[in-house]
Amino acid sequence: MTVEESARRDGSAPGREELAGVFGVAHDDPLFEQALTHRSFAYENGGLSADQRLVFVGEAALRMSITDLVFHRHPEDAEGPLSRLRAAAVAVPALAGVARSLGVGPHIRLGRGEQAGGGMDKDSILADTLTALIGVVHLQRGMDGVSALVRPLFGELVGRLALLGEGLDWKSALQALATRKGLGEPEYRLHRSGPEHKAYFTVWVLVGGVEYGPGHGSKAKEAEKQAAEAAWHALNE
């Protein structure tokens, strides 16, 4: 199954076999299971092997693959911009966003405390789990396998980040664009729904008297970023 096919139209998470297929591994592979086992679950269940060793491998492999991706996509850029672009692509929020798009969260094995606290949607846990899964790919298929996965998985993200210039942040980019166009300060309007432990946010942003968006997410900041991105693109058309 391709990366694109993993995203369901109804927003539901893919099944375990579907998720394993994205990474090209068997759903019952012990390493796949290990990558999806958070240390909180391991501590509560007799010290089962957790994902941290795979994170160690995956971080290095992902960084190298992203380096190759940005280097070849931006042949005119100097080392500084390339470094900033790579850093933004492998930052925790970016990795968490990719993990969410694949529906990784519901498959992570968490301890009771993390589970009750919404750990399946925490940026840090999602980022670590995605990196651990990339570690599995590296161990089984080497850097060629990682590169083949990363190109479709991160290609669009790197392209979007490259539009932002020095700030590499949609809210900062929108503010700078609004200032250049004389539209004043962007104003974010947030609507919260759902219970306290499972809040959901919808955000619109008002720029120059026009509303753009919406942005959605389980975190207000993520929804604001989505709304800012929508506004930035609309104002540049």
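Reply: Contact here means heavy atoms within 4.5 Å. This is a predicted model, in which local features need pLDDT of at least 70 and side-chain atom pairs count only at pLDDT 80 or more, while totals for chains, interfaces and linings use all residues. Residues are numbered from 1 along each chain as its sequence is written, and side-chain values use heavy atoms, with hydrogens and water left out.

Me: Is His38 buried or exposed?
Reply: His38 sits in the loop that joins α3 (30-35) to α4 (39-44), where helices (H or I, at least four residues) and strands (E, at least two) are DSSP runs numbered from the N terminus. Leaving aside residues up to four places away in sequence, His38 touches Ala50, Ile108, Arg109, Leu110, Glu114 and Ile125. Buried means under 20% relative accessible area, exposed over 50%, and partly exposed in between, with a 1.4 Å probe and protein chains only. Because its relative accessibility is 6%, His38 counts as buried.

Me: At what angle do helix α5 and helix α9 pack?
Reply: Two packed helices are described by the angle between their axes and the distance between the axes. Axes are lines fitted to C-alpha atoms, for helices over the stretch in contact, and angles run from 0 to 180 degrees between N-to-C directions. For α5 (residues 52-73) and α9 (residues 123-162), the axes are 8 Å apart and the angle is about 40°.
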